[in-house]
Each structure stands twice: as C-alpha cells, then as structure tokens.
Amino acid sequence: MELRQLRYFVTVVEEANFTRAAARLHLAQPGLSAQIRQLERELGQQLLDRSGRAVTPTAAGAAVLPHARAALDAAAQVRHTADEFTGLLRGHIRLGTISGAATGEFDLATVLADFHDDHPQVEITLTETDSDLMLADLDRGVLDIALVGLTGEVLDPRVGIEIVLDTPVVAALAADDPDPRTEMALDDLRDRALICLVRGTGIRGLLERSCAAAGFEPYVAFEAASPPLLLRLAARGLGLAVVPALTPEEAAVFGVRTFPLVDPPLHGRLALAWRTDRLTAPAAKVLLGQLRLALAAG
C-alpha cells in the first residue's frame with residue numbers, strides 16, 4: 001500500500017467518478033482504475049461500488065476513508081515541517097526595538113549574534129525607533145517582531161504580546177532639591193516642569209493617558225529619547241524627570257533622588273510584540289522563540 005494509492009482512493013470518493021478523478025490527478029483513467037484495484041487486493045476488501053452511475057464507497061471503503069485522509073494529512077505535515085526547516089536557512093527578519101534597549105537591560109546583540117551563527121543565510125534588519133511607530137509598522141507588515149513600551153492602550157487583538165519587563169515609574173529631582181516628600185501623587189505633577197521621554201514611547205504615553213484621566217495635561221519642558229539624559233537634566237535642577245525606577249546607587253551616580261509615584265502608581269512595561277496572523281516565516285518564528293527565552297530570563 002502506497003500513499004499515492006490512498007490519495008487516488010480519496011479523490012475517486014470525492015469526485016464520485018473515475019473520469020473526473022483521473023483528470024484531477026492528471027492520470028489516465030485505466031491507470032487510476034488499476035491502482036485502486038491493486039489497493040483493494042492488498043487490503044482484501046472492495047472499497048468502491050462501481051455498479052451505479054456514481055462511484056460510492058462500500059461499507060469497507062467508508063470505514064477506511066477517514067484513516068486514508070488522516071494518513072495523507074500526516075504525510076503533508078511531515079513535508080511541511082521539513083520544508084519549514086529548509087526555508088529556515090534563508091530569509092529576511094525585520095526587528096524593531098525602542099531606543100536604548102539593545103545596550104541596556106537586554107542583551108539583544110548576543111541573541112542576534114547567536115541566531116546569525118546558527119543561520120548565517122538569514123538576513124536580519126534592526127531598527128531603533130519609538131513604540132507607536134513600531135506598532136504601526138507591525139500592522140503594515142514592515143516589521144516582523146518589535147520590542148515596545150506599552151501605554152495601557154488596548155492593542156489590536158491580532159498583536160501578540162509578551163511582557164518582558166514591568167518596572168515602577170518614579171519621579172526624580174536633583175539630589176539637593178529641598179522637597180521633603182518621600183512619594184508623589186500623580187496630581188503633584190500638575191503644573192510642574194516635567195522632563196520626560198519623547199512622544200511615541202511607552203512611558204510618555206502612559207504619563208499622558210494617566211494625567212488625562214486625572215483631569216490635566218502634563219507640562220513637558222524637556223524631552224529626550226535617553227533616560228540618562230533626562231536624569232542629567234533633572235540633576236541640574238531643570239525640572240522633575242519621569243523615568244523608570246532606579247536603585248539608590250544609580251540615583252547617586254546621576255545626582256538625583258527619586259520618589260515613587262502613587263495614587264495611582266504607574267508601571268512601565270516593555271513587551272515583545274508580533275502579528276499573530278502574519279508571523280509565518282520559519283526564521284521569524286525561531287528568532288521570536290529565542291528572544292522570548294532570552295529576554296524573559298534577563
């Protein structure tokens with residue numbers, strides 16, 4: 001018994017006619033009939049009733065039919081899997097990341113280098129930009145995978161998300177600022193000169209959405225793409241920086257002291273994002289899996 005004989009049998013059942021089945025299979029009808037008879041001899045059962053105008057499965061044929069289809073499906077899956085790993089040897093993956101992530105908490109360079117060592121024929125493009133642009137590029141198919149900051153806004157349900165970092169957002173003032181507080185409510189930011197990340201970033205979007213919910217628009221006097229620059233500006237007394245949480249040692253290095261933001265507390269979240277309905281290239285699937293493991297471990 002061969003797979004092609006099972007395919008012939010299933011096709012004859014579907015067409016209910018040897019002539020139409022032969023045309024669909026691009027075979028001569030006598031050859032198709034001979035293959036079906038050979039299959040019936042090997043199984044010791046007549047599978048098709050040829051007595052009527054339409055060819056129909058016998059009781060034995062009806063019992064065999066779902067197993068024949070399952071065998072053909074399994075063979076197709078074997079071929080598909082093998083083809084995927086053949087395709088993995090080449091291709092193009094487009095990856096996006098927020099500014100500073102590749103040199104900060106996450107060692108993207110090592111993940112990409114290891115992937116390149118294993119799959120040297122796969123071309124990787126890395127773009128560093130803001131989260132809003134990357135989410136738009138995922139939607140347009142310009143990017144395959146992105147490391148983005150989340151604002152709390154509801155995302156397209158077709159975007160897969162895995163959070164890889166969840167950190168409190170704090171306010172930072174110059175270390176010698178006389179403010180006696182140990183924490184700040186969100187409303188304390190009203191009418192303060194703020195130093196924040198640029199529009200399109202997760203923390204900026206989170207700040208603006210939270211302030212809008214509290215009934216005011218934040219006054220951002222200085223903005224930059226780099227948190228260290230924000231902290232240096234705050235250390236010189238130019239305003240209050242809104243940044244991811246720092247350790248006491250990091251705050252001392254930058255010359256600032258930090259206050260937890262409360263009522264409500266704010267959390268900055270970084271996430272891997274991809275389109276669940278488009279991530280079909282084998283190479284992109286494998287790289288996404290490696291990024292999920294590496295960044296979650298980080």
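Mentor: Start with Leu-72, and set aside the neighbours within four places in sequence: the residues it contacts are then Leu-3, Leu-6, Arg-7 and Val-10. Keep in mind throughout that this is a predicted model. Leu-72 itself sits in helix α4, which covers residues 59-87. Arg-53 is 19 residues away from Leu-72 in sequence, and the two C-alpha atoms are 27 Å apart in space.

UniProt lists residues 1-58 as "domain: HTH lysR-type", in an unreviewed entry. In the model, that span is 62% helix and 7% strand, and its end C-alpha atoms lie 19 Å apart.

Two residues of that span deserve a look. Thr-58 is in the loop between β2 (56-57) and α4. Its contacts beyond four places in sequence are Gln-46, Leu-47, Leu-48 and Asp-49. Thr-58 counts as buried because its relative accessible area is 18%, and the cut-off is under 20%. His-26 is in another loop, the one between α2 (18-25) and α3 (29-43). Most residues other than glycine have a negative phi.

In soluble globular proteins, nonpolar side chains tend to be buried together. The largest nonpolar core here has 31 residues, and those with the most contacts inside it are Met-184, Leu-189, Leu-240, Val-242 and Leu-261. Six elements each supply at least two residues of this core: β6 (159-174), β8 (194-197), α7 (202-214), α8 (227-235), β10 (240-244) and β11 (256-262). Of these, β6 gives the most, with 5 residues. With its neighbours within four places left aside, Leu-189 is in contact with Met-184, Leu-194, Leu-207, Phe-216, Leu-240 and Leu-261. Apart from this core lies another, of 30 residues, which includes Leu-112, Val-148, Ala-284 and Leu-288.

Val-122 and Ala-284 are 162 residues apart in sequence, yet their C-alpha atoms are 9.5 Å apart. Val-122 is in strand β4 (residues 122-128), and it is buried, with a relative accessible area of 3%.

Return to helix α7, where Arg-204 lies. Is Arg-204 buried or exposed? It is buried, because its relative accessible area is 4% and the cut-off is under 20%. Not counting residues up to four places away in sequence, Arg-204 touches Cys-196, Leu-197, Val-198, Arg-199, Val-220 and Glu-223.

Next, the loop between β11 and β12 (267-275), where Pro-264 is found. Asp-263 is in the loop between β11 and β12 as well. The peptide bond from Asp-263 to Pro-264 is cis, with omega near 0°. Asp-263 also has a positive phi, about 55°, although it is not a glycine. Most peptide bonds are trans. As for its surface, Asp-263 is exposed, with a relative accessible area of 62%.

Last, a look at empty space. Rolling a probe the size of a water molecule over the atoms shows where such space is left. The second largest pocket holds about 190 Å³ of space. Its lining has 13 residues, and Asp-132, Leu-135, Glu-153, Val-154 and Leu-155 lie nearest the centre. The elements that give two or more residues to this lining are α6 (131-140) and β5 (145-150). The largest share comes from α6, with 4 residues. By type, the lining of the second largest pocket divides into 5 nonpolar, 4 polar and 4 charged residues.

Technical notes:
Residues numbered from 1 in each chain as written. Predicted model: local features only at pLDDT ≥ 70, side-chain atom pairs only at ≥ 80, totals over all residues. Heavy atoms only, no water. Core = buried A, V, L, I, M, F, W, Y, C linked by side-chain atoms within 4.5 Å. Buried < 20%, exposed > 50% of the residue type's maximum accessible area, 1.4 Å probe, protein only. Contact = heavy atoms within 4.5 Å. UniProt positions renumbered as here; feature names shortened; annotations may be inferred. 1 Å grid on protein atoms, 1.4 Å probe; cavity = no way out; pocket = protein on both sides within 12 Å on 5 of 7 lines; lining within 4 Å. Points joined across faces, edges and corners; volume = space filled by probe spheres on them. Nonpolar A, V, L, I, M, F, W, Y, C, P; charged D, E, K, R; others polar.
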